[in-house]
2 protein chains.
Amino acid sequence: MADIDRLSLYIQETLKVPYVQVAKNLFNILPKLLRDHNYHIRCLLFSKEDLWIVLAVFPPTGPAHLFGAAIDLGSTQMALSLVDLITGEILQTKHMDNSQIPFGADVLTRIHHAQTLEGQAELKALVLKQLQTEMQTLCDSLEKNINDIYLVTMAGNTIMTHLFLGLETRWLIREPYIPVVNRLGTFSASDVGFSLHPNAQIFIFPNIGSYFGGDVISGILAVGMACQKDISVLIDIGTNAEVVLGNQDWLVACAGAAGPAMENGVSEIGMRAMVGAIDYVKIHPQTLSFEYTTIGDVPPLGICGSGIIDLAAQLFINGLIDIRGKLVASKCPSCIQEKNGLLTLELVPANKSGTGQPIELTQVDLDSLIRSKAAMYTILETITHSVEMSPEQICRFYIAGTFGAYIRPDSAISLGMLPDLPRDIFKVVGNTSLAGAVRLLIDRDAMAEIVKIQQKITYIELNVNQDFMNRFSAAKFLPHTDTSRFPSVHWTS
Amino acid sequence: MADIDRLSLYIQETLKVPYVQVAKNLFNILPKLLRDHNYHIRCLLFSKEDLWIVLAVFPPTGPAHLFGAAIDLGSTQMALSLVDLITGEILQTKHMDNSQIPFGADVLTRIHHAQTLEGQAELKALVLKQLQTEMQTLCDSLEKNINDIYLVTMAGNTIMTHLFLGLETRWLIREPYIPVVNRLGTFSASDVGFSLHPNAQIFIFPNIGSYFGGDVISGILAVGMACQKDISVLIDIGTNAEVVLGNQDWLVACAGAAGPAMENGVSEIGMRAMVGAIDYVKIHPQTLSFEYTTIGDVPPLGICGSGIIDLAAQLFINGLIDIRGKLVASKCPSCIQEKNGLLTLELVPANKSGTGQPIELTQVDLDSLIRSKAAMYTILETITHSVEMSPEQICRFYIAGTFGAYIRPDSAISLGMLPDLPRDIFKVVGNTSLAGAVRLLIDRDAMAEIVKIQQKITYIELNVNQDFMNRFSAAKFLPHTDTSRFPSVHWTS
C-alpha cells in the first residue's frame, strides 16, 4: 500500500468518514516524515461536507502553532481577531476602517464603482490587500508566523462578500435583488488571494439574501439563540437594522433601513464610538444642566450612538422636546435657540468642546433620529406581529453592532425605540459578526449550527404597505401614540 | 435564492446527488447567462465521488465542442488520442517517443536523475511540456481549440506517473517498494500544469503497487475482463511482463522481468514496429529460404517483436535451432556461420538490407529471447498455479502492448512462450493502456469498473523461489521440457 493511501485509509477507518483527501503538496513531504518518525505522525484535518482534507502533517509531537483569523467584513469598519486554534484564546483583535470607503462611504456608491470590471477588481484588491497587511502586522507584533494561519472565517453582508470575491453586484440592487451566490462555503485561502499557510482554508458565512448577510448569521451563532428554547430577539443596528426573532425551532428575520441617524449618529455632531465621543448624557431634572462623559475622558469632539440616544431620551423625559420630538425653546431659552432658521440645542459650548466649535443638535437631526427610532420599533412590531407574538413573550433581547455597543436600553425604551420590557432581558453584545466568526474557529459544532440556522431561517420581506406605514406613523411619537405600551416611561410635558 | 444556489439545488434535486459545487470562475458568468436565456442553460458536470462539479455552463443549445484527451504515459513511447466527447469518436491518435529518454532509456536511470529536486522537476517539466505541445499540435492540425478539452485521462506505470506528478521515486525502488500514492484520482488539469479549458480535469489511473501500474488497470478496463463470467488472461509485454488472470468475481495479477528481448526485440537488429521493421518471417521447409515482409514494404532496417518471434519459431520448427535454442550450423551452412567466435544467422544479406549491413541474429540474441520466453511462460504458469487452475480453463487470452501488437500467437506457442491453447481464444489487442483511457472518456460506467478492478485485484509478488526456478529451467527448452504440454507444435530435429 502506498504512503498516501495508507494514511487516507487509516483516517477513513479511525474517524469513520466516507472520503479523505491528502492535499497534493503533502505528497512529497509525507513519505520522509513517516519514515523519520516510525510511521507516527500528526495530521491537521479539515472537513468539507463528507470530505476530510489533510491540510498539514507534523511530527508526532504536533505543531507548535496553529492560528486562525476571524474577520468581520464591515462596510465601514472591519475587525480582525487572531486566534490560537490550540488553546482557543483570542490573541489580539484589531479594528480598521474599510479601505474601500474612498470609493463610497455607502455601499451603493461602491457598487456603482464596481460596475466596470476594473472597478470591481480594484475594490476587491483594496480590501484583500488591507486584510493581508493587517494579518501580517498583527502576526509581526505578536511575533507569530503568518504561515501558521490555517483557517480564516469571514462574516460580512451580502454586498461586502460579493465585492470581496470580485463577484458582480449589479443584480443585488436590481429587482428582484438576486445575489450571485448565498452559500459561499469554503475556498482555498490562496485561491481567494491570501498568502497564509499554502493549504489554509477560508470559510465565508452564507448570506440569506441581498439584504440579509452572513454577518447576521454569524451574529445568531454568536449569541446562540438558535440553540435556546426561549424566544430571543437579535437586533444589529447600522444603516440597516437587521432583526432576528426565534429560538431552536424557528427563526424569522427581516431587515430595513434604520436611517442615517443609526450609522454615525446624527449628521453634524455624530461620530463613531471612539476617543472624544460623548457616550453618556444626563440632564438634571431641576437645573436642566447637562452632564456627560466622553470616551477617553477628553474634551468632546462629537457624540456617538449611545450618547445621542441618551441625549434624546433625557430631552424628552425632561420636557425639552415634546411627544413629536420637537424642541421646546420655552423650556430652556438659554440652551435652545433659533439659528439659521432652525431650532438648535447647544449641548457643549465652544469653550468646552475639543473642536473649538459648540456641539449642537438641530431639529433636523432630531427629526432624523425620530424617523430612525420609529423605523426600528416598527420593524420589531412587524416581525413579532408576523408570528402572532406579543413583545412580552421575548425572553432575551440582544443588541449588537458598533452602534449598539454602548447603548443603554433604558434610554432607547424612553424614546420608544425598543419595547418596554424588563431591563434585565437586554444584553448589549457588541460585534457579534466577529464573535460568531471567532466561535467558528474554535468550536467544532458551530458549522452544524450554521447549517441549521441557514435551513431554519425565514426571511420576511418588509412590505412597506399601508399597515406598515400606519404603524410607522404611530411610532413617530415619543414614546408612542399608544402610551400604554410604555408603562415604565415617565416624562414631563 | 441566489443564482448559484438555485442552479446547485436544481442539479442536486434532479440528479439526486448529495453535493453540487459550481466552479468558482463561473460565478460571474452564470448570472448574465441565466438572464440572457430565460433561465434555460446547459451545464457540463463532472463527478468526484459524491460531489458533482459544474465545470462549464453554456446556452441552452449547448456547447459546439467538448473534447477529451486520452494519454498512455509509456516510458518508451507515449500515445495520445483526441476524442470528441459528444459523439464518442476518436478524432486522431498520435504516438511519440517519451522525451525523458535522453535521461535514461530505462526508468531506473531516470529515477537516479530524479534523486535531486532539480532532476525531478526537469523530468516532470519535460514530459508535461511534450504532452502540452502534442495536444496543441493535434488540435491545430484538426482545427480544434485546445480550450475545448475538458477532460484528460492518463494511464501509465507507477514510476512514470510519479515522475509526471513530480513525486519522489526513491521509495519505489527500495525495499519494501512503497509508492507515494496509488489512488491518484482526479486533479485540476491546471494544477498539474496543463493549459486546457481552465476547469479541465485530469484523471490518472490508480496504481496497484510499485511494479503494477495504472496502465494495466486501464488495460483490464479496455478488454472488459472484469465484467465477464469467463476467465481471461491479459498479458502486457514490455521490459516487464504484466499478467492478469480472472473474471468478474476475482482478479490476480503479477509482474515480472520479461527481459530486454521483449522491449525493442533482440539487441543488435531489434527495433520497434515501425517502417522498415521485419514484422513477419517464414522459412521454406524444403529450401530453407527466408521469406519476410516489412512494415511499409521497404528494404528491411531491423526486426520488430512479432518478426523476431516468427523468426525464432520458424528456425525451431525447421530444425535450424535445437530444443535448447542453439543454432545448428550443419542444417544450413550458408546462412549459419561463426563470426567473431559466435554462431550467427544471416537473415538479410547486406545488398538487400536498407542499412547496407546484413541483418543478423547471433546466438547471444537467441539466448536472450529464450530467457524471455521462458520467463513469460513461467509467470503464466505461476499465476494459474496460484489459483489452482490449468491453462485449459482460460477462455480468452488478450495480448497487449506495443511488442505484442503484431504478434502471431501460433509462433509464440511454437516457441513455448504462450500455452498451447486453441488459436481463436487469442486476441491481439494492441495498446490497451490507451484504449482504457479512451473508454473512460466516453463511458460513464467505466469509473465504477475501475473502482471494482482496484478493489478486486490481488497482486501476487513473484517469489523467485526454488519452485519458480525449476519451472523457469523447464521452460527454457523449446517448446518446453514437458513436450506433452504442446501437442499442436511439430518440429524437425
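Buried means under 20% relative accessible area, exposed means over 50%, and partly exposed is in between, using a 1.4 Å probe and protein chains only. By that scale, Asp297(B) counts as exposed, at 71% relative accessibility.

Before going on, some housekeeping. This is a predicted model, in which local features need pLDDT of at least 70 and side-chain atom pairs count only at pLDDT 80 or more, while totals for chains, interfaces and linings use all residues. Residues are numbered from 1 along each chain as its sequence is written, chains are lettered from A and ligands numbered from 1 in the order in which they are written, and side-chain values use heavy atoms, with hydrogens and water left out.

Back to Asp297(B). This residue sits in the loop between β14 (290–294) and β15 (302–303) of chain B. Those labels come from DSSP runs numbered from the N terminus: helices are H or I with at least four residues, and strands are E with at least two. The phi of Asp297(B) is near 55°, which is positive, and the residue is not a glycine.

Look for Tyr39(A) in the loop between α2 (30–36) and β2 (42–48) of chain A. Its relative accessible area is 38%, so Tyr39(A) is partly exposed.

Next, helix α7 (residues 214–223) of chain A. How many of its ten residues are buried? Nine are, so the helix is largely enclosed by the rest of the structure. The buried ones are Gly214(A), Asp215(A), Val216(A), Ile217(A), Ser218(A), Gly219(A), Ile220(A), Leu221(A) and Val223(A). After α7(A) comes Gly224(A), with a positive phi near 75°.

Now the α7 of chain B, also residues 214–223, and what it packs against. Its axis comes within 7 Å of the axis of helix α11 (residues 432–442) of chain B, and the two cross at roughly 70°. Axes here are lines fitted to C-alpha atoms, for helices over the stretch in contact, and angles run from 0 to 180 degrees between N-to-C directions. Angles under 35 degrees count as roughly parallel, over 145 as roughly antiparallel, 65 to 115 as roughly perpendicular, and the rest as oblique. α7(B) and α11(B) are therefore roughly perpendicular. On the α7(B) side, the residues in contact (heavy atoms within 4.5 Å) include Asp215(B), Ser218(B) and Leu221(B), and on the α11(B) side they include Thr432(B), Ala435(B) and Arg439(B). By type, the residues of this contact are six nonpolar, five polar and two charged. For that count, Ala, Val, Leu, Ile, Met, Phe, Trp, Tyr, Cys and Pro are nonpolar, Asp, Glu, Lys and Arg are charged, and the others, Gly among them, are polar.

Helix α4 (residues 117–141) and helix α5 (residues 158–165) have axes that come within 7 Å and cross at roughly 90°. So α4(B) and α5(B) are also roughly perpendicular. α4(B) contributes Leu123(B), Lys124(B), Val127(B), Leu128(B) and Leu131(B), and α5(B) contributes Leu163(B), Phe164(B) and Leu165(B). That contact divides into seven nonpolar residues, no polar ones and one charged.

On to helix α13 (residues 466–475) of chain A. Which of its residues are buried? They are Phe468(A), Arg471(A), Phe472(A) and Ala475(A). Viewed down the axis of α13(A), these fall within an arc of 100°, so they line one face of the helix. The arc is taken from the directions from the helix axis to the C-beta atoms. Part of the cover over the buried residues of α13(A) comes from α9 (363–386) of chain A.

In the segment after α13 of chain A we find Pro479(A). The peptide bond from Leu478(A) to Pro479(A) is cis, with omega near -15°. In chain B, a cis peptide bond joins Leu478(B) and Pro479(B), with omega about -15°.

Last, a strand residue. Ala255(A) is in strand β12 (residues 251–257) of chain A, and is buried at 12% relative accessible area. Its C-alpha atom is 5.6 Å from that of Ala241(A), which is 14 residues away along the chain. Beyond its neighbours within four places in sequence, Ala255(A) has contacts that include Tyr211(A), Phe212(A) and Leu462(A).
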